[in-house]
Amino acid sequence: MSTHAVSDVDTYKAWLESLYAELHEPAGAVLDQARALRAGADGADLAEFLDDIDRIVDAGHRLSQHVEDLGAASAGSDASLDWRAIRHDLRSKINAIKGYGEMLVEDVSGDEAPDVRTGLEKLLDLTEGVLGRLDGINDPPPSAAEAEASKTAAEAVAEGAAPATDGRVLVVDDTEENRLLLVRWLRRENYHVEAADGGQRALAMLRESPFDIVLLDLMMPEMDGFEVLAQIQTDESLRDIPVVVISALDETDSVVRCLQSGAEDYLTKPFNRVLLRARLQSSLEKKAWRDRQRESVTTLVDAMRTVERGDFAVTLDDGGRDLYAHLFRGFNHMVEGLRDGARLLDVTRDLAGEMHLDLLLQRIMRATSEVLDAERSSLFIYDEKTHELWSRVAEGLGDKEIRISADRGIAGHVFMTGETENVDDPYSHPKFDIDVDRLTGYVTRCLLCMPITGKDGQRIGVTQVLNKRGGPFTYRDEQRLAAFSAQVAVSLENARLFDDVLNIKNYNESILRSTSNGLITLDTKRQVVTINEAAANLLHASPEDTVGRPVTHLFGEANTWVLAGIDKVETSGQPDVAFDVDLTLPDGDVVSTNLSTVPLIDTAEDPIGSMMIIEDMTKEKRMRTTMARYMSKEVADQLLSGGEAGLGGKDQSVTILFSDIRRFTAIAETLGPRDTVNFLNEYFGVMVDVVLRKKGILDKYIGDAMMALFGAPFATPHDADNAIQAADDMVRALQRINRDHARTGVPMINIGIGVGTGEVLAGSIGSPKRMEYTVIGDSVNVAARLEQANKYYGTKVLLCESTAAKLGGSYPLREIDLLQLRNRDEPLAIYESLGYHTGETFPEMERVLESYGRGLACYRNRDWTAAITCFERALALNVGDSPSRIYLERCKAYAETPPPPDWDCVWHLTGG
């Protein structure tokens, strides 16, 4: 800290007093505002910003105290404070308040805490005011000693005082008096100087002996300065010598050309000695740096070549503070790391042959102690069941086992937090568990503890090394322990993976033994790798005589189609499936099977063989497989438990459901063949699921139509209910399908559903090779024609009176008509199911049905006027109600042309 002479004390104290007077009040205002801001932040629940606000308050307090100290200094008898330090300290405290305040203004939302944000802005305004006042105060006048020192320094520069140097300078000038003037002045400056009277001589001297700098004239005969510069730049041995041009030419073009040609600097004659001295010193420093750079690069390259040869016993002198000293230190650290890596690699190689996990872990921990030069090391594994860490390896304890709570001691702290602990005085560490030392009789002087983390990111334990010989553990020791901990983690993971693989192997073998289908795996040479018991029994083969032999040993020449299927799989990479095929066994037996051959690939998706799945097609399995495609599992199980009698022909009451897609031909033309198939697969997949959920069975597909049965082959009291529920659910499912289609651009569809109930003949019909379970009877025709009748009535679900009579539950139905169907003697009452409707799809349903019912009664009583009124009221409530519109039109027609007196209210539907 500089001081002021005694004669300047009064002036300096006056300066301090004016500084105090200017800053006392605004500094106090800043502190008051900071405290008010802190109080406001508590009320605004800004907990996440309190630390920054506390820093502002602290800086404001220190600013105010500093200003008060200046006031005390101005009133005292001493004025030894450095005014430069005063400005520096004041600006530092103001900068802290301003910096944190500006960050908080960005972070604190005005909507959440408007008062706090306003307080921050006020604080920043006050801070700017303090800074402005500080900058407005002039510096104090210099003391006599300082003025004298400044004068002496200025005179020294003017007189050319300069430190001695041994730099070698070459002066190049064709004018003798100019050349001698420079030589004499440079020698007075303690430079070693030689001179050349032209460019050719200068280049010869530069190549004969080394120079540190060249002072070059431009205007010379034979070879001017520009040519000399060009020669120097093209000569690799000379290009690093700095050249300062001293010329009488002062035009800008010459200066630019010289600098572009490689000159270090350009001075005009007559030259300024002070400026030349500075240029010389700067150029020589650059030359020295370039020489040091070249030397250091050469040294570094030689050292790297040594390391490349595998010799790590190389160390560079990294003394000094320049860039290359830092590079050399980095190189030395790198080589030290390589030495550590080579040592760890040697250890890893030693460990590579160990297969027993516990022995491997013991050797890893022993190597850890050796490499880290520690007395002992331990490996603690986490026991999830007991929430404990237990010593799987603990050097120095023999067979003793240590168990501690997973959150106790330094080891527990490291395990719970995942943070490394490097402790050089464990007994003063708050987490150290001294009971372990008491239990083992060991004294821990220093320790390093690190978590072990599996590949899934879960911590599985900790490693710990104790008592480094020669001092505490270093950061490099932490890196070494991290390498060993990773080795431990890999070993534990490998052990777990080995157990998993063994379990999977046992699991797969159990599957092979337990599965009822035959499984055979082949390698790429078509040799049998595995064959399960089911396949061996089915093919009358012995696993011992089959594994390792060609697949032809199993199937022989009588089953060439099997080998053709394997060829197809190997060529295409796609599965090959053959249904209901016969295998001729070597002993002459014939087995009916389904045979699937699939490719086997490894993780790189390269083929490694194939697998054959052989399904024994006994009658029961064939029946179960077939039924599963058409009925729910419960119905199929019930049918199969009853044997073939359940599929024989018999009369029974069944409810039949027909559904059909409207205008499907036009839709198919729009979609095209491929998309039409995909469309139908999606549609039927959804609708069959609905039928199966309601305990129905799929009888058949008829193009885009579908026929389902409820009560076949076994009748229940709920068949009619299940059919109506299925019909309503199918319409709801269709609505979901149409919503999805609207998003993808696929045409939306509409369906009609007809439901009929009655006595039918049910049974299996067909040839022994191709059987079909179905029903035959008038009720089938009724259901099919009701499905068609939906087109006329504008409805979606129609059911006959016999179905309505069978319903056990309550459903929203309305009678639609008395309908005379073709080829039937008696008319049929038909009903519409409205259970699928919502308030959006059928507005005002209750009131519409009430008006519709009254209108239907008036219609049958031939009261056309009253009926018209009722149907008009229904349509006013729901303009989309098609049955009301149909009856309205009938009533108007009958009002003009009444039906005959014997009219029976029966409607004859054309084509129905």
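Me: At what angle do the axes of helix α22 and helix α23 cross?
Reply: This is a predicted model. Helix α22 covers residues 664-671 and helix α23 covers residues 673-693. Their axes come within 7 Å, and the crossing angle is roughly 125 degrees.

Me: Are α22 and α23 parallel, perpendicular or oblique to each other?
Reply: The axes cross at roughly 125 degrees. Roughly perpendicular covers 65 to 115 degrees, and roughly antiparallel requires an angle over 145. The crossing is right-handed. The two helices, α22 and α23, are therefore oblique.

Me: How do the residues of the contact of α22 with α23 divide into nonpolar, polar and charged?
Reply: From α22, the contact is made by Phe664, Ala668 and Leu671. From α23, Asp675, Thr676, Phe679 and Leu680 take part. Asp counts as charged, whereas Phe, Ala and Leu count as nonpolar. The division is five nonpolar, one polar and one charged.

Me: Is tyrosine 442 buried or exposed?
Reply: Tyrosine 442 is found in the loop between α14 (434-440) and β10 (447-453). Its relative accessible area is 13%, and the cut-off for a buried residue is under 20%. Tyrosine 442 is therefore buried.

Me: With which side chain does the side chain of tyrosine 442 make a polar contact?
Reply: Leaving aside residues up to four places away in sequence, tyrosine 442 touches Glu375, Arg376, Tyr427, Asp437, Leu466 and Asn467. A polar contact of 2.8 Å joins its side chain to that of asparagine 467.

Me: Is arginine 890 buried or exposed?
Reply: Arginine 890 lies in helix α29 (residues 882-896). Its relative accessibility is 5%, and under 20% means buried. Arginine 890 is therefore buried.

Me: Which side chain makes a polar contact with the side chain of arginine 890?
Reply: Not counting residues up to four places away in sequence, arginine 890 touches Tyr792, Tyr793, Asp817, Tyr859 and Trp907. The polar contact between side chains, at 3.3 Å, is with tyrosine 859.

Me: What is the phi of asparagine 190, and what is that of aspartate 373?
Reply: Asparagine 190 lies in the loop between α6 (176-188) and β2 (192-196), and aspartate 373 in the loop between α12 (357-371) and β6 (374-383). Asparagine 190 is partly exposed at 39%, and aspartate 373 is partly exposed at 33%. Neither residue is a glycine, yet phi is positive: about 75 degrees for asparagine 190 and near 55 degrees for aspartate 373.

Notes:
Residues numbered from 1 in each chain as written. Predicted model: local features only at pLDDT ≥ 70, side-chain atom pairs only at ≥ 80, totals over all residues. Heavy atoms only, no water. Helix = DSSP H or I, 4+ residues; strand = E, 2+ residues; numbered from the N terminus. Buried < 20%, exposed > 50% of the residue type's maximum accessible area, 1.4 Å probe, protein only. Contact = heavy atoms within 4.5 Å. Polar contact = N/O pair within 3.5 Å; in protein donor to acceptor, adjacent residues only side chain to side chain. Axes fitted to C-alpha atoms, helices over the stretch in contact; angles between N-to-C directions. Parallel < 35°, antiparallel > 145°, perpendicular 65-115°, else oblique. Left-handed = near helix turned anticlockwise from the far one by under 90°.
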